[in-house]
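Student: Please take me through this model label by label, setting each value against the criterion that it has to meet.

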Amino acid sequence: MMVKRLTIIGLLVLLAGCLSEKPVSVSKISQSGSLGAPQFIRDMWITDIYGGVGNFAYGGVQGCCASASVGMGVPTAIEGSWESGWGGGYWAEEWKRRWKPEWGNYEDVYDKKWYRIDGEIDSELAKQKIDTMNRYYKNHKANPVMQVLVDGPKVMLLYRYICNSERPQNDCTVRDNADPNGWVKPAPYSKYGNIMSVVLYEGIGETSDKPFEG
């Protein structure tokens with residue numbers, strides 16, 4: 001009887017330990033944008049290792065970035081759809097209002113395409129890259145951001161920090177041997193090299209000349 005009681009107690013302790021494990025957010029800000037021409041991100045879901053799902057679909061984007069407060073853990077999957085141009089309805093009119101002559105003819109410049117992606121993310125490698133980025137600076141503290149960037153069929157998931165050395169409160173000193181694998185690079189849209197990032201996922205989506213069914 002005593003052995004049975006001890007066994008039950010042990011199981012309860014283990015169960016309590018499992019239940020007490022809480023999801024850990026590696027970022028509390030999520031963004032999406034494009035690396036080139038306007039794109040309309042219709043659906044974009046990132047799943048993390050805890051089963052949490054973040055929505056990165058912010059509609060019409062050009063450049064970086066539309067932003068929202070969405071906490072995410074280490075990512076493990078990406079699924080979404082987007083299209084070249086500006087969508088329809090409100091966004092079509094909005095992009096027409098924003099349009100600049102140097103971008104070309106508003107009506108003719110884009111060959112309309114639709115894209116979608118459904119891929120797995122190596123969460124172990126993503127965690128290593130996130131840990132590297134978090135320890136990259138010796139003293140600088142900032143809010144890390146997770147970003148989805150599209151460019152035609154290409155889609156990227158970045159984890160990034162900003163450190164502007166011109167601001168006196170920022171110490172952008174990099175730790176010794178902070179990035180032995182060479183993962184940390186300036187974000188592709190960073191004009192001054194002060195936005196550093198690691199690539200958690202990079203893939204090429206399926207392309208269609210018409211909207212996908214379903």
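Student: Which residue in β11 is the bridge partner of Arg160?

Tutor: The partner of Arg160 in β11 is Ser197. Before going further, keep in mind that this is a predicted model, in which local features need pLDDT of at least 70 and side-chain atom pairs count only at pLDDT 80 or more, while totals for chains, interfaces and linings use all residues. Residues are numbered from 1 along each chain as its sequence is written, and side-chain values use heavy atoms, with hydrogens and water left out.

Student: What makes β9 and β11 a pair, and in which sense do they run?

Tutor: Nine bridges join β9 to β11, and the two strands run antiparallel. Two strands pair if DSSP finds at least two bridges between them, so with nine bridges β9 and β11 qualify. The strands themselves are DSSP runs of E with at least two residues, helices being runs of H or I with at least four, and both are numbered from the N terminus.

Student: How many bridges join β9 to β8?

Tutor: Seven bridges join them, again in the antiparallel sense, and within β9 the partner of Val145 is Arg160. The two strands form a hairpin with two residues between them, and Gly152 in that turn has a positive phi of about 65 degrees.

Student: What order do the strands take in the sheet, and what kind of pairing is found there?

Tutor: The order is β5-β1-β8-β9-β11-β10, six strands in an open sheet with mixed pairing.

Student: Why are β5 and β10 said to stand at the edges?

Tutor: Each of β5 (66-68) and β10 (185-186) has a single partner strand, so one side of each is left without a neighbour in the sheet.

Student: Why is β9 described as largely enclosed by the rest of the structure?

Tutor: Seven of its nine residues are buried, so the description of β9 as largely enclosed follows from that count. Buried means under 20% relative accessible area, exposed means over 50%, and partly exposed lies in between, with a 1.4 Å probe and protein chains only.

Student: What makes the contact between Glu206 and Arg116 a salt bridge?

Tutor: The criterion is a side-chain nitrogen of Lys or Arg within 4 Å of a carboxyl oxygen of Asp or Glu. The closest N and O atoms of Glu206 and Arg116 are 2.9 Å apart, so the pair meets that criterion. This pair links distant parts of the chain, with Glu206 in strand β12 (residues 206-208) and Arg116 in strand β7 (residues 114-120), 90 residues apart. Both ends are partly exposed, Glu206 at 42% relative accessibility and Arg116 at 35%.

Student: How many salt bridges does a search of the whole structure find?

Tutor: The search finds five. One of them joins Glu202 to Lys154, at 3.1 Å from N to O, and links strand β11 (residues 195-204) with strand β9 (residues 154-162) across 48 residues. Another joins Lys127 to Asp131, whose closest N and O atoms are 3.0 Å apart.

Student: Why are Lys127 and Asp131 said to be separated by about one helical turn?

Tutor: They are four residues apart in helix α3 (residues 123-134), and that spacing is why the separation is given as about one turn.

Student: What is the relative accessibility of Lys141, and does it count as buried or exposed?

Tutor: The value is 74%, so Lys141 counts as exposed; this residue is found in the loop between α3 and β8 (145-151).

Student: Which form does the peptide bond from Cys64 to Cys65 take, cis or trans?

Tutor: That bond is cis, with omega near 0 degrees, and Cys65 is found in the loop between β4 (59-61) and β5.
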